[in-house]
Amino acid sequence: MLKEEDLEPDTYGLEFYISAFKELNSCRNGSLDLSPIPFDAIYLYWTVFPTSDFEEFLFLIRLMDDTYRKLESNKAKASEGAKG
């Protein structure tokens with residue numbers, strides 16, 4: 001039988017990117033929809049805390065952001081469906 005920790009992804013080595021995403025998550029434009037994290041916020045973060053490769057940093061942050069926004073959208077749709 002699977003344990004809950006077996007369902008968690010292995011994030012070893014990704015701590016820097018996860019921390020960056022959590023920080024950048026607060027930089028979204030104020031709108032009703034969950035807008036993507038602005039490129040300039042990602043770039044500015046990278047200039048303060050540089051990694052060896054900006055393209056890799058951008059790719060990983062965008063990947064996390066896209067996944068986060070899809071999950072939030074699915075939660076909102078499920079919540080609306082439960083109300084109706």
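**Exercise 1. Determine which helices the buried residues of α3 pack against, and where on α3 those residues lie.**

*Solution.* Step 1. In this predicted model, the buried residues of α3 pack against α2 (15–24) and α4 (54–83). Helices here are DSSP runs of H or I with at least four residues, numbered from the N terminus. Residues are numbered from 1 along each chain as its sequence is written, and side-chain values use heavy atoms, with hydrogens and water left out. Because the model is predicted, local features need pLDDT of at least 70 and side-chain atom pairs count only at pLDDT 80 or more, while totals for chains, interfaces and linings use all residues.

Step 1. Helix α3 spans residues 39–48, and its buried residues are A41, I42, Y45 and W46. Buried means under 20% relative accessible area, exposed means over 50%, and partly exposed lies in between (1.4 Å probe, protein chains only).

Step 2. The face turned away from the buried side carries the exposed residues D40, L44 and V48. V48 counts as exposed because its relative accessibility is 52%.

**Exercise 2. Identify the residues that form a nonpolar patch on the surface.**

*Solution.* The patch consists of F16, L44, V48 and F49, which together have about 380 Å² of accessible area. Of these residues, V48 lies in helix α3.

**Exercise 3. Trace the salt bridges that involve D65, and state where the partners lie.**

*Solution.* Step 1. A salt bridge is a side-chain nitrogen of Lys or Arg within 4 Å of a carboxyl oxygen of Asp or Glu. A search of the whole structure finds four of them.

Step 1. R69 is partly exposed, with a relative accessible area of 25%.

Step 2. R28, D65, D66 and R69 are linked in a network of salt bridges.

**Exercise 4. Characterise the salt bridge between E72 and K75.**

*Solution.* The closest N and O atoms of this pair are 3.1 Å apart. Both residues lie in helix α4, three residues apart, about one turn of the helix. E72 is partly exposed at 27% relative accessible area, whereas K75 counts as exposed at 53% relative accessibility.

**Exercise 5. Name the residues that touch the most other members of the largest nonpolar core, and examine the contacts of I37.**

*Solution.* Step 1. A nonpolar core is a set of buried Ala, Val, Leu, Ile, Met, Phe, Trp, Tyr and Cys residues joined through side-chain atoms within 4.5 Å. Of the 13 residues in the largest core, those touching the most other members are L24, I37, I42, F54, F57 and I61. The elements that give two or more residues to this core are α2, α3 and α4.

Step 1. Not counting residues up to four places away in sequence, I37 touches F21, L24, N25, R28, I42, I61, R62 and D65. Contact means heavy atoms within 4.5 Å.

Notes:
Patches are made of residues with over 30% relative accessible area and no salt bridge: like charges are joined within 9 Å, nonpolar side chains (Val, Leu, Ile, Met, Phe, Trp, Tyr) within 5 Å. Accessible areas come from the Shrake-Rupley method with a 1.4 Å probe; for residues, only the protein chains shown count as cover.
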